[in-house]
Amino acid sequence: MKVLLDVDRHHESTTVTIQCKEIDDSIKQILDFLENKKTNFIIGKNGDEQHILKPEDVYYFQSERDTVLAATPAGMFKVKEKLYELEQTLPKDRFIRISKSVIANLFEISHFEPSFNGTLCVHFKSGAKEYASRHYVSNIRSILKMNRRNKK
C-alpha cells in the first residue's frame, strides 16, 4: 500500500481519497477509523449492576431471543446493542460473525473443529464452544487465510 500526504495551508478542507482495485478488510479498517466507528467500551448489565466492558475482553456476543449477551472472563452480561449494531462498530480485524446469533472475538478462539453438515465447532480459550453455521464458514476461512498472508 502506498500512502501519499499533501500538506498545504492553502487547502480549504481535508479530503481523503482512497484508490483501490477492491474493498478488502484493510480498506474497511481505514474507513472505520476515518468514520470514527471504533467502540472503546460497551455497557453490560448483570442484574442491577452496570459494568464497563472492553471489547477485547469479550469472548463472544450471543443473541438469545431479544437479548444480546457478552461472554467475558467475569461472566455473562446483557448489552443493549443488537448484534448487527455490534458488527458495524466492533473492529473488523478482531470480531467476526460466525452464525446468525454469535459474533466471536478472533483472538479468543482456541481452535476450530469440523462438524457434521459442513459446520464448524468453534472452541474458545475459555472452554466455551459455539457452532459456526455453513453460511458463515467460507467467510471465516477467507478471513483466516487473509490474516495468515498479512503476518508473513
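Predicted model: local features only at pLDDT ≥ 70, side-chain atom pairs only at ≥ 80, totals over all residues.
This is a short walk through one protein chain, starting with the whole and then going to single residues.

The protein has 152 residues, and 32% of them count as buried. Its C-alpha trace spans about 55 × 40 × 25 Å along the principal axes. The accessible surface comes to about 11,300 Å², and carbon and sulfur atoms account for 49% of that.

Now the secondary structure. There are three helices and ten strands. In sequence order the pattern is α-β-β-β-β-β-α-β-β-β-β-β-α. As for how the chain folds back on itself, take the contacts between residues at least 6 apart in sequence: 37% of these join residues at least 24 apart.

I will start with helix H1, which covers residues 25-34. Which residues of H1 are buried? They are Asp-25, Ile-27 and Asp-32. These three sit on the same side of H1, because they cover an arc of only 155° around the axis. As background, an α-helix has 3.6 residues a turn, so residues three or four places apart point the same way.

Leu-31 is also in H1, but at 30% relative accessibility it counts as partly exposed. Leu-31 belongs to a nonpolar surface patch, together with Val-16, Ile-18, Ile-23, Phe-33 and Leu-34. The accessible area of the patch is about 580 Å².

Next, the strands. S1 is residues 42-46 and S2 is residues 49-53; the two pair in the antiparallel sense, with five bridges.

Staying with phi for a moment: most residues other than glycine have a negative value. Arg-65 is not a glycine, yet its phi is positive, at about 55°. Where is Arg-65? It lies in the loop between strand S3, 60-64, and strand S4. Arg-65 counts as exposed, with 80% relative accessibility.

Strand S4 itself runs over residues 67-72 and contains Ala-71. Is Ala-71 buried or exposed? Its relative accessible area is 4%, so Ala-71 is buried. Setting aside neighbours within four places in sequence, Ala-71 is in contact with Asp-57, Val-58, Tyr-59, Tyr-60 and Met-76. Ala-104 is 33 residues away from Ala-71 in sequence, and their C-alpha atoms are 9.7 Å apart.

The last item is charge pairing. Side chains of opposite charge can pair when their charged atoms come close. How many salt bridges does the whole structure have? A search finds one. It joins Arg-97 to Glu-87, with the closest N and O atoms 3.1 Å apart. The partners are ten residues apart: Arg-97 is in strand S6, residues 95-99, and Glu-87 is in helix H2, residues 83-89. Arg-97 is buried, at a relative accessible area of 10%, whereas Glu-87 counts as partly exposed, at 36% relative accessibility.

That is the end of the tour.

Methods. Residues numbered from 1 in each chain as written. Heavy atoms only, no water. Pairing = 2+ DSSP bridges. Helix = DSSP H or I, 4+ residues; strand = E, 2+ residues; numbered from the N terminus. Buried < 20%, exposed > 50% of the residue type's maximum accessible area, 1.4 Å probe, protein only. Contact = heavy atoms within 4.5 Å. Patch = residues over 30% accessible without salt bridge, like charges linked within 9 Å, V, L, I, M, F, W, Y side chains within 5 Å. Areas by Shrake-Rupley, 256 points an atom, 1.4 Å probe, with all protein chains shown as cover. Salt bridge = Lys/Arg side-chain N within 4 Å of Asp/Glu carboxyl O. Arc of directions from axis to C-beta.
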